[in-house]
Structures are given as structure tokens and as C-alpha cells.
Amino acid sequence: MTRRRALSPAVAHRLAAGAVSGSWTRAAIAQRFEEIGIPDAGRIATRLFDLLPTPPVEGVDSVYRLLSELPNIDEPTPVVEKPDHEWKFDVPKWTHTVAVAQAIGLTPAELDWFADPGEWLRKKAPTLQHYRYRIRSDHRLLEAPKERLREVQRRILRSVLDRVPPHAAAHGFVPGRSVHMFAAPHAGEDVVVRIDLRAFFPSISRTRVRAVFDSFGYRPRVSRVLTGLCTTSTPPDVLARLPFDGASRLRGSHLPQGAPTSPALANLVAHRLDRRLTGLARSSRAEYTRYADDLAFSGADLAVDRLIHAVGRIAADEGFSVHQGKTRIMRAHRRQHLAGLVVNAHPGAARTEYDQLRALLFNCIRTGPELQNRDGRPYFREHVYGRIAWIGESNPNRKRALLALADRIEWSEMS
């Protein structure tokens with residue numbers, strides 16, 4: 001049995017300094033004790049917090065005295081660096097949360113604030129919360145991080161997540177892939193099946209996100225803080241404005257729809273789903289691709305009912321659920337469409353979409369763009385050129401024709 005004793009003065013000083021170096025919450029203190037190398041840091045932080053539930057008035061000195069008098073505390077063990085062979089992918093080898101804070105431009109206290117390990121911010125005033133909330137007409141909640149957290153998440157995306165490749169079947173929000181690449185394998189097939197995953201981002205919990213960071217080789221305390229920076233729990237006052245089923249999914253910590261890190265993390269969480277559905281497609285002599293929450297299968301002589309049933313079972317196995325009302329079976333004699341593209345012959349925007357944009361450009365030439373901006377878009381010119389790029393990606397001739405019309409518009413009239 002390991003002999004326990006009171007902490008030495010040097011160790012007690014290190015712990016006291018760590019305890020007061022950030023926010024005074026049980027979870028935050030435990031996290032900083034882990035950094036120092038204390039075994040059973042959660043138990044010790046709990047004992048300290050129970051004895052001193054408010055920040056110490058005398059700072060380090062009062063915490064030092066209290067820690068020195070606590071019996072039965074293990075001496076800290078040295079922190080052992082992970083050998084290189086345990087790291088997966090070319091991710092930054094952050095072994096401490098201090099290194100994370102330095103890499104993403106935060107102080108340790110700011111890191112604790114943004115990661116919100118105790119989830120206490122969800123019940124605070126909106127000015128203290130890290131997200132802004134907007135409920136769409138379809139009751140879908142958009143959770144947009146405020147500027148500072150958004151920049152932190154972008155740094156995590158660039159330095160960590162972009163270095164880990166998703167499954168080859170995933171095409172949504174993946175550098176070098178596109179919606180056209182998602183649709184291309186299904187062009188000209190006899191049967192195309194589109195299946196939608198219900199509440200894709202909210203169904204991905206904090207536990208599943210942390211498992212992704214763990215799989216890269218990060219220690220639990222680093223994975224925990226990275227997960228906290230990329231997930232959120234919706235505040236009660238926002239949940240009260242949502243339907244019951246939607247609020248139930250958002251009550252726990254989840255990926256926010258609106259954070260720059262969410263699509264990449266969702267793709268990595270869904271890696272095993274993609275692998276299993278790719279195997280299912282091969283066994284059915286079919287093609288499979290995924291664009292965010294849209295699953296697409298295609299082939300000849302598909303046993304459609306059996307396929308749909310198997311997809312639902314695999315999705316449930318992997319922590320997702322299929323939106324049965326959005327499943328579509330499209331055969332070659334009718335229009336087959338995926339993510340806004342018609343795929344009967346080759347992926348392309350519908351002719352009606354091209355005609356509508358062409359008419360809009362003619363009207364802009366005739367009456368000026370300001371009168372045609374009926375939705376009051378602040379960047380109407382960029383919106384128009386974006387639609388041209390979308391249509392033109394699969395049809396260079398249409399792109400040239402539309403660009404020629406756009407060049408004739410007097411854009412200077414836009415204020």
C-alpha cells in the first residue's frame with residue numbers, strides 16, 4: 001500500500017500558486033492541479049474547494065497554509081512526456097494546457113474562461129455568454145460564437161483539425177472537396193437514394209468530441225480543454241423558446257451549429273459511420289458519399305428497402321438518427337437531385353436556376369442592381385457573383401454567358 005503524508009512546503013507552494021492562478025471553481029482548480037502532476041487531482045481540489053468555496057482574501061498565503069495542514073495527500077509524480085509514437089497525425093504536440101493557451105493566443109485564465117469547464121456561463125447574462133443565438137423559421141437553432149471565441153476556434157481548426165483527414169466519402173466542408181464532388185459519383189445512375197441525418201450537430205455530444213481529441217494522442221486534460229472550446233450547452237432561456245424535442249438535444253454539451261470547428265469535428269466523429277456505410281454500399285454494389293448530414297447512395301437494381309433499413313440501423317449504432325420524412329428515392333425517369341444539383345446526366349444546377357439568374361442580370365442591366373436587391377442584401381454584388389460561380393462550376397458555357405451579363409451592370413450605383 002502506498003504511504004501517504006502531508007505535502008512538503010515546496011509542493012504546497014506550487015499547488016497554492018496554481019490554485020489562485022485562474023478562476024476559483026472546483027473543475028478549474030482540479031485542471032490546474034493536474035498540470036502540476038498531482039495524483040487524484042479531482043479529490044484534492046474538491047477538499048480544498050469545500051473548505052474554501054470563495055476566492056481566498058489573502059491569496060497564495062492562505063491557500064498554502066490550508067494545503068499544508070491537509071493530511072493524506074499523495075506527493076505529485078513527475079509528468080512523463082508522451083513518446084512520439086503515441087501521437088497520431090501531424091497535430092501540435094501539446095502536453096499541457098499552458099501550451100494550448102500560448103498557441104491560441106490566450107492566458108491560462110482566459111483559456112479557463114472560454115473552455116468553461118464548470119458550464120456555469122450558460123446560466124449567466126447574455127453579455128457574459130460566449131455565443132449569440134438565433135432560431136430559424138424551421139426551429140433550427142444557430143449558435144454563433146462571439147468574435148474572440150470564433151478566432152480561438154479558427155486557430156484550433158487551422159492548427160489541429162485541418163491536419164486530420166476525414167473519410168474519403170465525406171465532402172462537406174473539406175478543403176479540396178466540394179458539393180459537385182459529393183454528387184458526381186451518383187450521376188447517370190438508375191436509382192439515387194438520399195437520406196438525411198436528424199439534428200446532425202446537436203446529436204454530437206461533448207464526450208464524442210473529446211474522444212476525437214483523445215485519439216490524436218492528447219492527454220485527458222488537454223483534450224478536455226480543447227473540447228470545452230469547441231462545444232457548448234444552450235442556455236435555459238433559449239431552450240424555453242424551442243420545441244421540446246429540439247430543446248432536449250441541445251440541453252447537454254454539443255457541437256454548436258455556427259462554430260467554425262463544428263463541421264470538421266462532425267466529419268471526424270462520423271468517420272466510423274462513413275466507413276461502415278461505405279462497406280454497406282460495396283456489398284450492395286452501390287456508391288456512397290456524404291455532405292454534412294446528407295447521405296447519398298446510388299446504383300442499379302438496388303434493394304432500396306433493405307438498404308434504407310440497414311442505414312438506419314448503422315446510423316443508430318453510431319449515435320445518429322435518420323430523418324425518415326426526408327428520405328428520397330429518385331429513379332432515372334424523374335429528376336434526381338442532390339444538394340441542389342441535378343445528377344441525371346452530370347452534376348449541374350437546374351435549368352430553372354440558370355434562367356432565374358439570367359433574368360435577374362438582365363433586369364440589373366435595365367433598371368440597376370439596387371432595385372433588384374429585393375431582399376436588401378448588404379453585399380448584393382458578391383451574392384450575384386457567388387450564384388454565378390455555383391452554376392458555372394459544372395457548366396463553363398453558362399458561366400461565361402452569365403459573367404458577360406454581369407460585366408454590363410453598373411455596380412457603382414450600389415451604395
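## A facing pair in the hairpin

Tyrosine 288 stands across from phenylalanine 297, a residue of strand S5. The model described here is predicted. Strand S4 covers residues 287-291 and strand S5 covers residues 294-299. These two strands pair in the antiparallel sense, over five bridges.

S4 and S5 form a hairpin with two residues between the strands. In this hairpin, alanine 292 takes a positive phi near 55 degrees.

## The sheet around the hairpin

Strands of a sheet pair through backbone hydrogen bonds, and the pairing is either parallel or antiparallel. Here, S4 and S5 belong to an open sheet of four strands. The order of the strands is S4-S5-S3-S6, and the pairing is antiparallel. S4 and strand S6 (328-331) stand at the edges, where each has a single partner strand, so one side of each is left without a neighbour in the sheet. From one strand to the next, the twist averages 15 degrees.

Which helix lies across S4 and S5? That element is helix H14, residues 271-283, which runs at about 155 degrees to S4.

## Two helices in contact

Two packed helices are described by the angle between their axes and by the distance between the axes. For helix H9 (residues 206-216) and helix H10 (residues 220-230), the axes come within 9 Å and cross at roughly 130 degrees. Because of this angle, H9 is oblique to H10. The crossing of the two helices is right-handed.

On the H9 side, the contact is made by Arg206, Val209, Arg210, Phe213 and Asp214. On the H10 side, the residues are Pro220, Ser223, Arg224, Leu226, Thr227, Gly228 and Cys230. Sorted by class, the contact of H9 with H10 has five nonpolar, three polar and four charged residues.

## The chain as a whole

How many helices and strands does the protein chain have? The chain has 19 helices and nine strands. Along the principal axes, the C-alpha atoms of the protein chain fill a box of roughly 80 × 55 × 45 Å.

The protein chain has 415 residues, and buried residues make up 47% of them. Among contacts in the chain with a separation of 6 or more, 69% are between residues 24 or more positions apart.

Definitions and conventions:
Residues numbered from 1 in each chain as written. Predicted model: local features only at pLDDT ≥ 70, side-chain atom pairs only at ≥ 80, totals over all residues. Heavy atoms only, no water. Pairing = 2+ DSSP bridges. Axes fitted to C-alpha atoms, helices over the stretch in contact; angles between N-to-C directions. Parallel < 35°, antiparallel > 145°, perpendicular 65-115°, else oblique. Left-handed = near helix turned anticlockwise from the far one by under 90°. Contact = heavy atoms within 4.5 Å. Nonpolar A, V, L, I, M, F, W, Y, C, P; charged D, E, K, R; others polar. Buried < 20%, exposed > 50% of the residue type's maximum accessible area, 1.4 Å probe, protein only.
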